[in-house]
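User: Good morning. I would like to go through this structure with you, one topic at a time. Could you begin with a single residue?

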Amino acid sequence: MLTDTAGFFDYCIPLTNESHPPAADSLKKYYDYSVYAYISPKPASKQLLQATSIFTHHNLRPAHSGPIAINRQTTDWVTLIFLACLVVFAWLQTVYRKRLSQIFRAVLQPHAVNQLEREGNLFRERVTLGLAFIYYLVTTTFIYQIFRELDVLPAGIGNLTLAGLIFTFLFVYQMLKTFLVYSSGIIFNTRDSARQYQLNILIFNHTIGIFLFPISIIAYYWNSPFFISAGVIFISLSVIYRTFRGILTGLDNKNYNLFYLFLYLCTLEILPLLLLYKAIS
């Protein structure tokens, strides 16, 4: 507010735009507030014009009607699993390189299974423990990725808990299948065929774990549905080929009843896949 430093006009200066003169001022009639229009004129009045907006409407619609809780569960355990499997595979590749090549050859060439058995008992070797470690962990991680990709994670169950349940189910299923095959070999007096079938399952499981390992890593870090689909196709083709090899193993033994072979395949090969599909869908 413009004021006179000498205090002659008290708080206001005549002939200016001062708008706060004292109440009892004899010079009030000399004040000219029109000077303000020349010193600082009023801004021009704004006019609202109708124009076309540069912002267009979108077709996005909310997927949920209410707020969604954020899942802040950590998945660092997946990285630890991949690192552990990588260390075990490096150890197997360094120490048991020849044995690994024989296992891979036995998958493609059925007659190579005899050479695999002649050079040792695969059921009792350390290479089997390492390959089984990779198979169970990699398969568990891949099934978990399928659940996450399809967004069917059970409510109230943590990610690590779900992975533990998948691992337990897979391990129990394999142990139960091994026990039933061994028991059927004793009951029907077909121990050689049962052993061949168990060896066939063991070889294919080891191969599935090794080849599924890089697919699972790429699918997890790239978050790509394509590689998950590729892994599912690879497992499906491997199971079909393994089942066909198992049927040929049963047909080679004339004492083996085809009805029991068909019953076994439906119970332990096809039914678990249908249950897994039902659980996911």
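**Aromatic residues and the core**

Analyst: Tyrosine 135 counts as buried, at 8% relative accessibility. Buried means under 20% relative accessible area, exposed over 50%, and partly exposed in between, with a 1.4 Å probe and protein chains only. This is a predicted model, in which local features need pLDDT of at least 70 and side-chain atom pairs count only at pLDDT 80 or more, while totals for chains, interfaces and linings use all residues. Residues are numbered from 1 along each chain as its sequence is written, and side-chain values use heavy atoms, with hydrogens and water left out.

User: How are the rings of tyrosine 135 and tyrosine 136 arranged?

Analyst: Their centres are 5.2 Å apart and their planes stand at 65 degrees, so the pair is edge-to-face. Rings of Phe, Tyr and Trp (its six-membered ring) pair if their centres lie within 6.5 Å; planes under 30 degrees apart count as stacked, over 60 as edge-to-face and the rest as tilted.

User: And is tyrosine 136 buried or exposed?

Analyst: Tyrosine 136 is buried, with a relative accessible area of 12%. Tyrosine 136 also forms an edge-to-face pair with phenylalanine 167, at 6.0 Å centre to centre and 70 degrees between the planes. This pair links distant parts of the chain, since tyrosine 136 lies in helix 5 and phenylalanine 167 in helix 6, 31 residues apart. Helices here are DSSP runs (H or I, at least four residues), numbered from the N terminus.

User: Changing topic: which residues touch the most other members of the largest nonpolar core?

Analyst: They are Cys85, Leu92, Leu122, Leu131, Ile134 and Ile203, out of 39 residues in that core. A nonpolar core is a set of buried Ala, Val, Leu, Ile, Met, Phe, Trp, Tyr and Cys residues joined through side-chain atoms within 4.5 Å.

User: What is leucine 122 in contact with?

Analyst: Apart from neighbours within four places in sequence, leucine 122 is in contact with residues including Arg99, Ile103 and Leu199. Contact means heavy atoms within 4.5 Å.

User: Which residues of helix 3 are buried?

Analyst: Arg99, Leu100, Gln102, Ile103, Ala106 and Val107 are the buried residues of helix 3. Seen down the helix axis, they fall within an arc of 160 degrees, so they line one face of helix 3. The arc is that of the directions from the helix axis to the C-beta atoms.

User: What is exposed on the other side of helix 3?

Analyst: Arg97, Lys98 and Leu108 are exposed there.

Terms used. Helices (H or I, at least four residues) and strands (E, at least two) are DSSP runs, numbered from the N terminus.
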